[in-house]
Amino acid sequence: MVDFFIVNVALPAIDRDLHAGPALLEMVVGGYGVAYAVLLVLGGRLGDMVGRRRMFLWGTAAFGVTSVACGLAPDAWTLVVARVAQGAASALLLPQALATIQAATHGERRTRAMSFYSATAGVSSVVGQMLGGFLVSADIAGSGWRPIFLVNAPLSVIALLMAARLIPETRSDRPTKVDGAGTVLLSVALVSLLVPLTEGRSTGWPVWAWALLVLFPFAAAAFWVVERRLEAAGRTPLVPPSLLRIRSVRSGLAVLVPFSLGWGGYMFVVAVVLQDGLRLDPTEAGLALVPLCVAFFVGSLLGPRLGARYGRRAVTAGTLVQAAGVLGMVLTFHWGWDGLGVWGPMPALAVQGLGQGLLLPPTLRAVLSEVPATQAGVGSGVMVTTQQSFMALGVATLGSLFLSLSSSMGMRDAVVTTFGVQLVAVAATVVLSTRLPRGVS
C-alpha cells in the first residue's frame, strides 16, 4: 500500500536521473496501479485454493525481489517493467490479509482487526509520501530515489519471518479452479479503462488510447455475461454475480467508489502542489502530511466504536468531517497561497484525515460483514480491486484535470477547482452512506 504512493514525491528525482519524460513517469505510477488492480481478484481466489498463508508468503517474497529490481533499474523502461511486476506481487499478498481476518476471527476480534487493517490502509498512503520525501532528501550514499524501493527488501524479510510464525493457514473448504475466461476478460476490461486514462494525456491521446476506451464497455459486458453463465451452470466464476446481490457488499462498494476516486486523485495533487506550487523540498512535503497521518490513525481507531454505537450514521458523520477538510483546503489555498509554507495546510489536512479515518473502517467492515467465510478470498479481492481501481482512476482523472488546468489558469486556481470537483465525489459518498446496513460495526 505504501508503494502505491511512495513514488509521487520521487518523480522529479527519477526524471532527472533516468531522463524518463512525462509519459514514462506516469507509467511508473500507473503501471503499478494497473497490475495491482487487475490481479487482486485472482490473488484472492488463489489464496482460497492453495492457502492464504502460503500465498501471502509467496507474494511477500516476490514483492521483495521486484522491489530490489525497481531500486536497481538502470533506465526508465526497466523501472516501468519492474513496477508492473511489483504491482502483480502486491496483488498476490494483499487479499490474503483481509481474507485471513474474515476467516479466522469473529465478533469483537474481527471488528478490532478490521479497525487496524483500515488504519493501516489509510495511514500507509500518507506514510508512503512522507517516507518517500525523507528518503529522497536523505540521498543515502548518493543513491537519490533508489532507497524508496530498496527499503522494501529488509522489510519483506521481516514480514516473511513474522508471517511464517504468526499467520494461521486458512483456505476455502471447497476450492475451485481458476476461472480463466473471467480472469482474461476482467484484465482486458480494467486495462482498457485504466491504461488510456493514465497515459492518454501525457502521450497526446493517440489512436490506441481511444481504441482501448471504446473496447472497455464491450469487455466489461462480456465479463459479466460469462460470469453469470458460469454461476448459472453451477461452476464458480472469478467474481460470482451472487456476491454483488448481497446488500452489504453492494452498498459498501457504492460508498468505496467515490471515496477511493477522490482519495487517489487528492494524494497525487497534494504531492505536486506541495513541491511544485509551494516550493517545499521533499522532507518538508512529507512533514506537512504528518497531521493527516496522525488524524487518520486516530479516526480509524474511533470509527469501529462509533459504528457499533451509531451504525451507518457514523459513516455519514465521517464523510461530512472529510468534506469540511476538503473545503478547508480549498479556502486555505484560495486565500493564503502566498507564503503558505509547510504549516499552512496542516489544520485542513488534519480535519480531512480524521473524517476519512472515521468512515473507512466501518465501510470495509460493512462490505464483508455478510460474505460467507468460504468466499472470504474472492470477497476481499473484489473489495480491494474496487478500491485500488478507483484510486488509480482518481489519479488519472483528477490528476489529469489538475495538470491541464495548471498550465492555463495557474497552480493555485487549478488546485482550488480540482478540490471543488472532489467535493462532488464527497457529496456522493454522503448520500450513498445512508444506504448502508443500519449496523455497520
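# A walk through the helices and loops

Start by selecting cysteine 70, which is buried, with a relative accessible area of 0%. Here, buried means under 20% relative accessible area, exposed means over 50%, and partly exposed lies in between, using a 1.4 Å probe and protein chains only. Before you go on, note that this is a predicted model, in which local features need pLDDT of at least 70 and side-chain atom pairs count only at pLDDT 80 or more, while totals for chains, interfaces and linings use all residues. Residues are numbered from 1 along each chain as its sequence is written, and side-chain values use heavy atoms, with hydrogens and water left out.

Now select cysteine 293, which is buried too, at a relative accessible area of 12%. How many disulfides does the structure hold? The count is 0, where a disulfide is a pair of cysteine sulfur atoms within 2.5 Å.

Next, go to threonine 66 in helix α4, residues 52–71. Helices here are DSSP runs of H or I with at least four residues, strands are runs of E with at least two, and both are numbered from the N terminus. Threonine 66 is buried, with a relative accessible area of 14%. Show its side chain: one of its polar atoms lies 2.9 Å from the backbone oxygen of alanine 62.

Then colour helix α3 (residues 21–50) and helix α5 (residues 76–104). They pack at an angle of about 30°, with their axes 6 Å apart. Axes are lines fitted to C-alpha atoms, for helices over the stretch in contact, and angles run from 0 to 180 degrees between N-to-C directions. The two helices are therefore roughly parallel to each other; that term covers angles under 35 degrees, with over 145 roughly antiparallel, 65 to 115 roughly perpendicular and the rest oblique. By class, the contact of α3 with α5 has 20 nonpolar, 8 polar and 1 charged residues. Ala, Val, Leu, Ile, Met, Phe, Trp, Tyr, Cys and Pro count as nonpolar, Asp, Glu, Lys and Arg as charged, and the others, Gly among them, as polar.

Finally, visit two loops. Most residues other than glycine have a negative phi. Alanine 141, in the loop between α6 (107–138) and α7 (147–150), has a positive phi near 50°. Is alanine 141 buried or exposed? At 82% relative accessibility, alanine 141 counts as exposed.

Your last stop is tryptophan 205, in the loop between α9 (180–199) and α10 (207–232). Its phi is positive, about 50°, although tryptophan 205 is not a glycine. Tryptophan 205 is partly exposed, with a relative accessible area of 32%.

Terms used: A polar contact is a pair of N or O atoms within 3.5 Å; within protein, one must be able to donate a hydrogen and the other to accept it, and residues adjacent in sequence count only if both atoms are side-chain atoms.
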